[in-house]
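Student: Could you take me slowly through how the helices in this model pack, and what surrounds them? I would like one careful, connected explanation.

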Amino acid sequence: MRESNREWILAQRPEGQPDMDSFELRESDVPEPRHGQLLVRVRYLSVDPYMRGRMRDAESYAEPWAVGDPMEGAVVGEVLESESDAYDEGDLVTGNGTWADYTVLDADNVAPVDPSIADPPAYLGVLGMPGRTAYFGLLEVGDPKPGETVVVSGAAGAVGSVVGQIAKLNGCRVVGFAGSDRKVEWLTEDLGFDAAINYKDVDEYRAALDDAAPDGVDVYFDNVGGPITDAVFTKLNLDARVAVCGQIAHYNDEGVPTGPRKLPQLIAPRATVQGLLVGDYVTRFEEASEQLGAWVASGDISHRETIVSGLENAPDAFLGLFSGDNIGKQVVAVSE
């Protein structure tokens, strides 16, 4: 064990796109667990788009960090010291910790990691918060039915890639938007999407949708917003459902963007648009974890992690989310 603990903190609030000036790596003593807590050596940590909102001094569904606060997120790690009867030294667990070498977790708020089901990084993606978001967002909000067309933006990301596969398991035609030919190939060749659109390589999204979704759109799972969403709204079928999960196209905007007025486009199809927060389903997380674990174990759902090595590179991994560097879940390997 190291004699000290490295930990990333929020150094200043970014304006627009964050950069390295937003982060500071500091050293402090290794924390000590109190009763009911675990000292965990972080093996993998998660970086996620929602964290950009926590860097703002504004109300949101996730409490903002104060300048000087440690960066937080989901981690997978090994228990070094246990002050709980529920876990022993050497156990692998996942929970919400800090971007650090060592973090203290409340034993009541962690879950065991079973490497026989999937490698530990998967517990930050398909078997973690992104997977549960996909599960509840599609099945509860999107309510897909066999034969319907499901369109997913940000389809090659941690959430979107799982959404598309669950939609296929439910007998749907699935179309994904992604940002490179390599991602499009992964979606169609490996994950079974019926079609995928490289949004960086087409001039007209509506025309691309005419080809990829000729029968219109019954369910739209929106991770991105922006011009892609503007185009999809023009293709919504009668009684279409829209699950708004993320708006990464706007996370670095300093002002409120103005685009096409979408509400009139909902009238004729009588479409339903609903925001999605996975925390609303916390009492059912075990259900999602069991089903996702079964799908992964059986091979019905594939997953992929883009792993950036080194705690010192955690900010780069986070910033890479906004340039589309990742395929699947973006993860930082701290101590493998």
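Tutor: Helix α5 (residues 205-212) and helix α6 (residues 226-233) have axes that come within 9 Å and cross at roughly 55°, where axes are lines fitted to C-alpha atoms, for helices over the stretch in contact, and angles run from 0 to 180 degrees between N-to-C directions. This is a predicted model, in which local features need pLDDT of at least 70 and side-chain atom pairs count only at pLDDT 80 or more, while totals for chains, interfaces and linings use all residues. Residues are numbered from 1 along each chain as its sequence is written, and side-chain values use heavy atoms, without hydrogens and water.

Tyr205, Arg206 and Leu209 of α5 make the contact with Pro227, Ile228, Ala231 and Val232 of α6, contact meaning heavy atoms within 4.5 Å. Sorted by class, this contact has six nonpolar, no polar and one charged residues.

Helix α2 (residues 129-142) packs against helix α3 (residues 160-169) at an angle of about 45°, with the axes 8 Å apart, and that makes α2 oblique to α3. The crossing of α2 past α3 is right-handed. On the α2 side, Gly131, Ala134, Tyr135, Leu138 and Leu139 meet Val162, Val163, Ile166 and Ala167 of α3, and the contact of these helices has eight nonpolar, one polar and no charged residues.

How much of α3 is enclosed? Eight of its ten residues are buried, so α3 is largely enclosed by the rest of the structure, buried meaning under 20% relative accessible area with a 1.4 Å probe. The buried residues run from Gly160, Ser161, Val162 and Val163 to Gly164, Gln165, Ile166 and Ala167. Their cover includes α2, α4 and α7 (285-298), together with the strands β8 (149-152), β9 and β11 (217-222). Just after α3, glycine 171 takes a positive phi of about 80°.

Strands β8, β9 and β11 lead us to the sheet, which is open, has six strands in the order β10-β9-β8-β11-β12-β13, and shows parallel pairing (at least two DSSP bridges between two strands). Because β10 (195-198) and β13 (272-275) stand at the edges with a single partner strand each, one side of each is left without a neighbour in the sheet. Neighbouring strands here are turned by 15° against each other on average, direction ignored. Helix α4 (residues 181-190) packs on this sheet, where α4 touches β9 and β10, and its direction makes about 170° with that of β10.

Methods. Helix = DSSP H or I, 4+ residues; strand = E, 2+ residues; numbered from the N terminus. Parallel < 35°, antiparallel > 145°, perpendicular 65-115°, else oblique. Left-handed = near helix turned anticlockwise from the far one by under 90°. Nonpolar A, V, L, I, M, F, W, Y, C, P; charged D, E, K, R; others polar. Buried < 20%, exposed > 50% of the residue type's maximum accessible area, 1.4 Å probe, protein only.
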